[in-house]
Amino acid sequence: MAIDPTRVPRFGHGSRVPGWDDAADLTKDPEGIPDPATTPVPEELRAAIEEYMARYPDRRSAAIPALHAVQARYGWCSPQGIEEAACVMRLTPAYLTAVATFYDMLFTQPVGRHDIFVCTNISCSLNGADELFAAFQEHGGDDLEFNIRAFECLGACDIAPMASFDGAYVGPIRPDEVPAVLEAVRRGEEPLPDRQLKRLKSADPQAAE
Amino acid sequence: MTAPLLLFDRIDEPGLDTLDVYSRRGGYEALRKALAMTPAEVLHELEASGIRGRGGAGFAMGKKISFLPKGAMDKYLVCNADESEPGTFKDRELMQKSPHMLIEGMIIAAYAGGITRAFIYIRGEYELQAEKLEAAVEEAKAAGYLGERILGSDLSLTLWVHRGAGAYICGEETALLDSLEGKRGNPRLKPPFPANQGLYQGPTLINNVETLATAPHIIRMGGEEYAKLGVPGSTGTKLVSVSGHVQRPGNYEIELGIPSREIIYGLAGGPAEGRKVKLWFPGGSSAPVLTGDDLDVAYDFDTLAKAGSMLGSGAIIVIDDSTSVVDVALKTAKFYRHESCGKCTPCREGTNWTVKMLERIDSGEATPMDLDIMAAVQENIIGNCLCVLGDAMAMPIGSMIAKFREEFEAHIEAARARNELATTETAPPEAIIQGAVA
């Protein structure tokens with residue numbers, strides 16, 4: 001059976017994961033918990049993380065909220081931000097990095113300012129989500145302002161095909177509306193105000209009575 | 001459709017997400033009624049209602065509470081609001097429009113189980129819903145429904161909204177607990193079950209949003225009265241999320257046991273004019289598919305199980321005859337490959353190889369034998385992992401191969417005819433087999 005090697009994306013070393021075999025520096029000591037004396041942490045960030053830690057019996061439970069706070073401040077989970085959070089939480093940066101890399105909404109690489117998550121799961125794709133995602137990539141894929149991603153089911157199949165713009169759900173969106181939508185997001189406005197999920201009425205006819 | 005609306009009763013009323021409107025409509029009256037009873041009596045009402053979990057597994061709620069050990073100790077209540085089963089969006093609407101109903105239900109459940117700390121684990125994508133919940137929790141705290149000695153009773157309860165960060169696996173209860181403890185969301189070995197050792201190793205009750213939001217209605221009506229709704233074994237009303245190829249997608253509250261056709265055609269309007277239902281997922285994309293011939297199956301837990309599928313989360317995804325079953329299978333498999341946490345080999349490798357085999361079918365490199373291999377892979381995933389994420393792919397894919405085998409075979413043949421390379425059948429170079437292409 002023939003396999004077309006060009007259809008199997010691989011790096012020279014045979015892996016499909018970049019950086020998996022980057023050499024570790026064995027002369028360096030493992031990174032410990034950052035020293036508060038030498039790690040300045042912005043006051044608001046510290047206050048936010050300490051407030052989160054107080055909510056739980058175990059301070060580690062605040063890991064995801066703390067990483068959300070880091071991401072809100074720096075735009076991504078930057079090494080500096082993770083070190084600051086680790087300093088406040090008395091954890092190693094490695095621990096928080098391990099958590100951050102698990103979750104789809106935490107970014108360990110710099111990303112565009114505006115999150116655009118296009119749902120491409122079953123219900124949306126039955127209604128044209130793949131074309132919609134292609135349109136977003138075509139019109140905004142090269143723009144560093146945007147962080148355009150194909151996302152798994154966002155839980156809004158009733159407005160399929162849909163996308164989430166900085167957390168706000170909008171749908172249904174037609175591919176030809178994408179340029180105008182991107183323009184609105186760039187200006188910081190609500191795209192398609194009449195199709196925002198927050199204004200959607202229930203589909204159940206009895207519920208409205 | 002004469003089912004009384006419980007959860008969706010005038011759900012669009014403006015301001016229902018505030019304490020004012022919710023109280024004016026009789027909100028928190030069920031809590032007062034519950035607090036006047038003993039915890040054992042509240043538990044009895046919940047058990048008498050026969051309500052089964054609305055999140056997917058369908059386990060009896062009352063029984064789950066009764067599994068918690070008795071006595072004074074730190075017990076936890078976790079509301080699973082990580083609604084990420086593809087096709088499911090009922091909890092989203094409920095939390096957004098009536099967050100106090102969930103909070104009231106959680107306080108009642110905590111009272112029945114002797115619980116003092118509660119968390120709502122909501123998926124990170126639901127920002128609007130998390131904000132609504134946080135605002136509602138603040139209102140409830142200010143009004144004395146949360147905190148020390150609630151309404152003068154012995155019950156004390158703290159409640160926090162915890163936002164996730166995007167991972168399907170965190171809807172699995174033990175992965176959710178790990179995530180809530182601030183770890184990567186990997187499932188745990190069961191037993192011990194969360195009722196014995198859950199959050200922070202303490203006894204933990206985990207329930208879905210809809211299940212907990214129903215508790216106030218059960219207390220208000222009385223368990224036995226609630227049990228008269230629906231059919232034996234599947235009591236009460238259920239929110240169903242209908243999506244895909246239907247004309248009126250959305251959430252509908254139904255009485256369990258009505259014919260599925262009534263939901264898909266009667267409520268959601270069915271597929272577009274001239275199209276007919278080819279296959280449908282009765283309970284989210286993890287449920288084995290049913291075909292257009294199964295539309296008269298009654299929509300309840302036991303009947304759907306007998307029909308070879310499951311009610312799951314109540315998410316009906318309808319696919320009409322314009323869509324190839326191979327595309328549906330590939331979409332489904334890719335989702336589970338992406339979301340597998342990677343802890344157990346059968347799931348991590350099984351989802352990956354299923355996607356690869358489906359891609360080969362699509363590109364004309366597969367032979368009919370691949371279908372048998374693929375079906376065997378599914379069988380070897382089921383039951384062999386810590387959690388059911390792998391099973392959740394294996395069951396629908398296995399059912400698609402079984403029910404649409406002819407279409408898969410025709411697809412393979414058509415794709416092979418288009419693919420010149422596949423018809424020549426030359427062996428690949430040694431270097432490619434070893435994966436060492438420069």
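Predicted model: local features only at pLDDT ≥ 70, side-chain atom pairs only at ≥ 80, totals over all residues.
Reader: Is B:R188 buried or exposed?

Author: Buried means under 20% relative accessible area. B:R188 has a relative accessible area of 16%. That value falls under the cut-off, so B:R188 is buried.

Reader: What is the N to O distance between the side chains of B:D9 and B:R10?

Author: B:D9 is partly exposed, at 26% relative accessibility. B:R10 is partly exposed too, at 34%. Their side chains meet in a salt bridge, and the N to O distance is 3.1 Å.

Reader: Which helix holds both B:E409 and B:R405?

Author: These two side chains form a salt bridge, with the closest N and O atoms 3.0 Å apart. B:E409 has a relative accessible area of 29%, and B:R405 has 27%. Both count as partly exposed, because the values lie between 20% and 50%. The residues sit four apart, about one turn of the helix, and that helix is α17 of chain B.

Reader: How many salt bridges does the structure hold over all chains?

Author: Some of the salt bridges join into networks. One such network links A:D143, A:E183, A:R186, A:R187 and A:E189. Over all chains, the number of salt bridges is 43.

Reader: What area is buried between chain B and chain A?

Author: The contact takes 82 residues from chain B and 60 residues from chain A. Three residues, B:A165, B:R184 and B:K331, supply 11% of the area that chain B buries against chain A, more than any other three. Carbon and sulfur atoms give 55% of the total buried area, which is about 5700 Å².

Reader: Which residue of chain A forms a salt bridge with B:K331?

Author: The rule finds two salt bridges across the interface of chain B and chain A. In the one with B:K331, the closest N and O atoms are 2.8 Å apart. The partner in chain A is A:D130.

Reader: Which helix gives the largest share of the side of chain B that touches chain A?

Author: Across this interface, 26 residue pairs are in polar contact. The largest share of chain B's side is six residues from one helix, spanning residues 325-339. That helix is α13 of chain B.

Reader: How many residues on that side of chain B are charged?

Author: The side of chain B that touches chain A includes 33 nonpolar residues. Another 27 are polar. The charged residues number 22.

Reader: Which side chain of chain B makes a polar contact with the side chain of A:S123?

Author: A:S123 lies in helix α5 of chain A. It is buried, with a relative accessible area of 4%. Among the residues A:S123 touches are A:C157, B:G87 and B:I317. The polar contact, at 2.7 Å, is with B:S243.

Reader: Which backbone nitrogen does the side chain of B:D391 reach?

Author: B:D391 is in helix α16 of chain B. This residue is buried yet has no salt bridge; the nearest side chain of opposite charge, B:K190, is 11 Å away. Its contacts beyond four places in sequence include B:I381 and B:P396. At 3.1 Å, the side chain of B:D391 reaches the backbone nitrogen of B:G383.

Terms used
Residues numbered from 1 in each chain as written. Chains lettered and ligands numbered in written order. Heavy atoms only, no water. Helix = DSSP H or I, 4+ residues; strand = E, 2+ residues; numbered from the N terminus. Buried < 20%, exposed > 50% of the residue type's maximum accessible area, 1.4 Å probe, protein only. Lys, Arg positive; Asp, Glu negative; His and termini not counted. Salt bridge = Lys/Arg side-chain N within 4 Å of Asp/Glu carboxyl O. Polar contact = N/O pair within 3.5 Å; in protein donor to acceptor, adjacent residues only side chain to side chain. Contact = heavy atoms within 4.5 Å. Buried area = accessible area lost by both parts, 1.4 Å probe. Nonpolar A, V, L, I, M, F, W, Y, C, P; charged D, E, K, R; others polar.
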